[in-house]
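Work through the exercises below with the sequence and the structure open. Try each task before reading its solution.

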Amino acid sequence: MSIETLIEDFALFDDWEDRYKYIIELGQNLAPLSDNEYSEHFKVQGCVSQVWLVSEREGNLLNFRGDSDAHIVSGLVAILLMIYSGKTPEDILAVDIRAIFDRLGLNEHLTPQRSNGFSSMVQRIRKDAEAAL
């Protein structure tokens with residue numbers, strides 16, 4: 001699913017309770033990580049919930065996989081994977097994630113803790129992209 005499709009899907013919901021349910025559904029569709037990937041090496045620091053992100057290089061592209069122990073955060077991970085996976089490091093670093101989250105309306109509907117965790121996930125993805133350059 002593309003981020004444009006996600007934005008269109010979000011527009012179909014009348015209230016935020018339905019959008020939160022949709023975000024949770026997105027998280028439930030994440031592919032599970034291997035037991036080895038649920039380790040400190042892949043854990044994102046700075047999140048209240050436990051979050052793991054795995055980056056893999058395929059040619060010039062980076063792909064990401066991830067998971068969380070919290071339903072809504074798993075959904076946020078799924079959204080980040082839609083935005084960043086399958087892109088070059090340069091494209092990843094050029095993404096204006098705040099603009100995308102503004103379009104989704106998530107900036108004003110995330111708790112401060114989730115916003116901080118979200119920022120930590122984005123920083124980790126950007127760090128992996130910088131390392132791949």
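**Exercise 1. The hairpin**

Find the residue with a positive phi in the hairpin of S1 and S2.

Solution. The hairpin of S1 and S2 has two residues between the strands, and glycine 59 takes a positive phi near 65°. Helices (H or I, at least four residues) and strands (E, at least two) are DSSP runs, numbered from the N terminus. The model is predicted: local features need pLDDT of at least 70, side-chain atom pairs count only at pLDDT 80 or more, and totals for chains, interfaces and linings use all residues. Residues are numbered from 1 along each chain as its sequence is written, and side-chain values use heavy atoms, with hydrogens and water left out.

Next, look at the pairing. S1 and S2 run antiparallel and are joined by eight bridges; two strands pair if DSSP finds at least two bridges between them. Arginine 57 has leucine 62 in S2 as its bridge partner, while valine 51 stands opposite serine 68 in S2.

**Exercise 2. A histidine in a loop**

Decide whether histidine 41 is buried or exposed.

Solution. Start with the location: histidine 41 lies in the loop between H2 and S1. Its relative accessibility is 63%, so histidine 41 counts as exposed (buried means under 20% relative accessible area, exposed over 50%, partly exposed in between, with a 1.4 Å probe and protein chains only). Then take a distance: the C-alpha atoms of histidine 41 and tryptophan 52 are separated by 8.6 Å, and the two residues are eleven apart along the chain.

**Exercise 3. Two packed helices**

Describe how H2 and H3 pack.

Solution. The axes of H2 and H3 are 7 Å apart, at an angle of about 70°. H2 is therefore roughly perpendicular to H3 (65 to 115 degrees; under 35 counts as roughly parallel, over 145 as roughly antiparallel and the rest as oblique). Residues of H2 including Tyr20 and Ile23 meet residues of H3 including Leu76 and Ile79. By type, the residues of this contact are nine nonpolar, four polar and no charged.

**Exercise 4. The core**

Which residues have the most contacts inside the largest nonpolar core?

Solution. They are Ile79, Tyr84, Phe101, Leu104, Leu106 and Met121, in a core of 41 residues. Such a core is a set of buried Ala, Val, Leu, Ile, Met, Phe, Trp, Tyr and Cys residues joined through side-chain atoms within 4.5 Å. H3 gives the most to this core, with eleven residues.

Note on methods:
Axes fitted to C-alpha atoms, helices over the stretch in contact; angles between N-to-C directions. Contact = heavy atoms within 4.5 Å. Nonpolar A, V, L, I, M, F, W, Y, C, P; charged D, E, K, R; others polar.
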